[in-house]
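The points are grouped by topic.

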Amino acid sequence: MSVRTNEAPGNVSLIGGEMLLWSDMSAVAGVTDWRDVALELIRRLMPAGGRVLLVGPHPQPLVDEVAEAAGTAAVLLRSYPDACALGERHPDLAVYCGRLEVFDAGEPYDLVLALDGLMRTHSAEAPASAWRQSLAALAGLVAPGGRLVLGVRNDLGVDRSLEARPADRECGDDQWAPHGFDPSYPGGPDDLDRGLEAAGLNLLRCYAAYPDRQAPRALMSREALREDLPDALTFTLSAREDERMLAADPLRLTRLVFRHRLGDQLAPMWLAIATRPPATEKPPAEEMVTSSATEVSAAEEPGGAAELPLGLFEEGAGLYELLPAGVRRLPDGEEQPIPGGRVVEEILVDACAREDVATVRELLSALATWLEDEDGDPSAGTDSLVHDGARFAAIARPADLPERPDPKVALCRILRRFAVRLLAAGHHHPWPWPLEADQLTLTLCAMAGRECDQKDVDQARKLDVELGRPAELAEHTPTYRDLLRGRDRLADQLAAALARIARLETKLTYRERELVKTKARLRRSRRKAGAYRRSLGYRLTRRLSRPRKVARRVMRLLSG
Amino acid sequence: MDESNHWYGHSHILGRYCDIPDETPRRIQGYLQHGWNYLHGFPPNDQWCCPGYPRFIWSDVLRRRGWSMGRRGHYLIGAPWIYLLELEPELGVRPERKGTIWYPFHGWEKSSVSGDHGRLADEIRDVENGPVTVCLYWLEFANPDIRQAYKSRGFRVICHGDRGSRWDGKGRDFLRKQLVELRRHRRVASNRLGSALFYGASVGCDVAVYGDPMQFEDERPEYGGTERRKRLWPELHGTSVDPGLAAEITRRELGFEYQATPEELRRMFGWRRARAAATPSGSGTALARRQDRAARRDPADPQPRERRGDRAPRAASVRQGQPRGVRP
């Protein structure tokens with residue numbers, strides 16, 4: 001990459017420590033891919049006509065939203081090319097390029113957003129500061145009464161335990177000072193609270209971000225995580241939609257995290273919303289109060305946590321807010337209770353694991369009846385349906401379809417989706433023959449007591465495309481787990497193939513032996529027949545019978 | 001796939017259930033359990049069941065046991081008998097059932113059993129009150145001494161025939177004959193627990209297991225012997241057995257709750273459906289059978305029975321005119 005400094009747009013200021021030949025926006029850098037939940041949260045926090053500062057790299061839609069909604073917006077980036085690109089895209093935005101520690105804001109900001117955390121505010125031009133130092137520098141940019149939104153990656157996040165090789169120890173170009181050697185980095189939610197307190201900030205609300213730190217799709221407040229969350233919700237939080245089967249292990253592990261009520265401690269990432277107390281208040285360091293007490297008092301303040309959502313999560317194309325007694329679809333949906341029961345896909349995968357075909361038959365029959373007789377949602381999937389033992393309920397809102405599809409096609413679509421995901425996830429299942437998703441789909445339909453054919457499956461595929469939710473999983477970089485799974489599958493197939501060959505060889509040997517015996521018998525019979533034909537008796541008989549036969553033919557001819 | 005899939009007309013029955021035209025039974029792509037078994041559904045030396053092909057077994061306990069013994073690829077479909085009951089709800093049904101049908105434990109083509117049939121016949125005479133029919137396996141039936149041992153005590157001696165093979169039609173009606181015989185008797189007994197006992201219990205016969213259990217010449221130790229059978233099912237041994245308990249165990253052992261749909265079986269067995277040759281919708285097809293059952297259902301009964309549940313042993317007995325089900 002070669003970028004000359006004299007090409008910088010007029011709104012880009014170099015403050016020192018800028019990285020000229022570096023970009024944080026490439027896929028390798030792994031900037032947190034915040035989407036709807038973060039946008040919704042920022043909308044709620046945006047001060048009318050206030051000053052907003054974005055610290056570190058953020059996804060483009062989020063920057064665009066801030067640039068449009070804020071009275072005055074500024075961005076601090078370490079990458080020079082990124083700063084130039086941003087400066088060109090938003091000429092009214094003040095873009096500062098350099099290290100956080102040397103940034104002199106002049107006037108503090110009403111809202112400081114550092115959703116990507118503090119790691120990418122350091123520059124290769126200077127030794128990396130400790131987390132607390134960076135936080136102190138960041139806190140200094142927050143005006144009294146202003147707010148800070150800070151993303152903090154959890155070193156003990158549930159997603160960490162799934163990595164064969166941690167992403168921050170891959171000796172990537174951005175790891176000149178690898179993460180993990182900073183003693184001031186928060187080692188848990190309480191440590192995070194203390195860090196914020198030490199920086200002179202009061203915590204308003206802390207969210208746990210799920211399902212992973214690369215692309216959080218849900219924010220759940222500590223208060224919400226203390227409750228027993230229903231399956232319909234935790235399943236959604238546990239893995240991204242396109243990975244709910246693929247990432248089977250993370251899903252299981254994350255479900256356990258919620259079941260053990262460790263959602264806050266083991267969150268892949270935290271998103272802390274803190275406020276700098278007005279100047280009249282006593283410095284927090286002098287107050288002998290616990291962090292939780294601080295949290296409560298801050299929450300009770302006007303404009304405190306009460307206006308912040310209890311939780312936000314993305315499901316399909318929709319964004320939902322968690323309420324004390326249910327959920328509501330944003331922006332203007334009504335409150336709905338969260339359906340109870342177990343996620344259908346989990347019930348099926350569990351049944352497959354113990355080869356319980358009776359349960360599969362029963363559940364699929366009930367599903368088919370639900371679609372046919374109870375106007376079930378044809379756009380649902382086994383991963384977005386819960387079953388409480390008697391009834392099915394869709395977790396997400398039904399998709400808008402121009403016309404209701406044939407229940408058979410709808411069933412095929414749901415089951416094909418399940419088949420694709422089951423096979424892709426490498427779960428154990430009892431069907432040895434239909435290794436192809438379409439064939440397995442037809443078998444599943446048969447188990448539901450519905451006779452479908454390839455035409456129905458083709459229509460189901462079309463319906464999937466119409467809904468914009470292809471069953472096939474997106475290509476992804478294979479993980480250690482995938483490799484192990486692939487190896488196991490190949491080993492099984494090889495064992496089966498070898499056994500089949502051995503069996504067929506045995507059969508072949510047996511058949512060959514039988515063939516040789518039969519040929520010998522045939523030879524013997526032919527020899528006997530030849531000897532018989534040569535015998536005097538046979539020849540006499542033939543000679544005697546021939547004239548009679550001729551006479552009979554002549555008689556027949558004459559008699560017409 | 002394997003010859004044993006076609007024994008006792010199993011493949012023929014399943015073919016009929018799947019609306020497959022009645023010709024030479026098709027090859028089943030997998031291994032069908034051919035008799036009640038308390039190991040894993042197959043003999044201990046089952047290396048001929050090669051991995052990659054499913055093992056179609058009757059009950060979940062066999063799957064669990066097989067799994068623990070390193071076997072995989074089980075697929076539960078229940079016993080072919082339950083499909084025969086579905087196909088033949090009326091076959092051999094009589095208003096009044098009499099006597100006992102007694103199945104002495106039998107050997108097979110490659111291994112015979114040793115035991116004193118004369119002594120067993122005496123014991124049967126002492127225990128049974130009504131007329132007794134002794135059903136011998138064709139090997140024992142071919143032995144005039146064994147036949148005579150029972151005939152001389154005044155018993156009727158029959159044989160359901162050869163178990164057959166895929167290529168000859170001999171075993172095709174084995175289970176049908178057995179069904180007819182079981183439905184004419186009030187009681188079924190044997191000196192060992194076996195398929196016939198459970199088949200009998202499933203059509204409403206009282207059950208009894210008594211007498212010298214006899215021994216295979218090379219009985220495999222993996223089964224655990226008679227003692228294990230007695231430990232596992234103590235309640236089924238004796239001259240008089242609780243019918244409710246027998247019904248419950250029968251339901252489990254024959255896998256009534258695992259009955260598959262015809263289309264599922266066709267797909268699992270690798271049977272492509274010959275649509276043109278199959279009977280068009282009407283009597284005889286699986287769909288027609290189901291509709292027929294629905295029509296025959298008692299209209300006064302507001303709760304329709306479960307699809308598979310209605311074949312489960314239930315209160316109505318055969319003696320009351322019900323074709324299937326065992327007494328509670």
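In this predicted model, chain B holds an open sheet of three strands in the order 1-2-3, paired in parallel. Strand 1 (31–32) and strand 3 (74–76) of chain B are the edge strands; each has a single partner strand, so one side of each lacks a neighbour in the sheet.

- Strand 2 of chain B, residues 55–57, is joined to strand 3 of chain B by three bridges in the parallel sense.
- Within this pairing, R55(B) lies opposite H74(B), a residue of strand 3 of chain B.
- Helix 2 of chain B, residues 60–68, lies across strand 2 and strand 3 of chain B. The helix runs at about 170 degrees to strand 3 of chain B.

**The three-stranded sheet of chain A**

- Chain A also has an open sheet of three strands, with the order 14-15-16 and antiparallel pairing.
- At its edges are strand 14 (342–343) and strand 16 (392–394) of chain A, each of which pairs on one side only.
- Strand 15 of chain A, residues 385–387, runs antiparallel to strand 16 of chain A, and three bridges join them.
- L385(A) has A394(A), in strand 16 of chain A, as its bridge partner.

- Strand 4 of chain B pairs in the parallel sense with strand 6 of chain B, residues 132–135, over three bridges. There, W102(B) stands opposite V134(B).
- Strand 4 of chain B also pairs in the parallel sense with strand 8 of chain B, residues 187–190, over four bridges. In that pairing, T100(B) has R187(B) as its bridge partner.

**The contact between chain A and chain B**

- Chain A gives 18 residues to the contact and chain B gives 20 residues.
- On the side of chain A that touches chain B, the elements giving two or more residues are helix 11 (357–373), helix 13 (437–447) and helix 15 (480–534) of chain A.
- Helix 15 of chain A supplies the largest share of that side, five residues.
- By residue type, the side of chain A that touches chain B has twelve nonpolar, two polar and four charged residues.

Terms used
Residues numbered from 1 in each chain as written. Chains lettered and ligands numbered in written order. Predicted model: local features only at pLDDT ≥ 70, side-chain atom pairs only at ≥ 80, totals over all residues. Pairing = 2+ DSSP bridges. Contact = placed C-beta atoms within 7 Å. Axes fitted to C-alpha atoms, helices over the stretch in contact; angles between N-to-C directions. Nonpolar A, V, L, I, M, F, W, Y, C, P; charged D, E, K, R; others polar.
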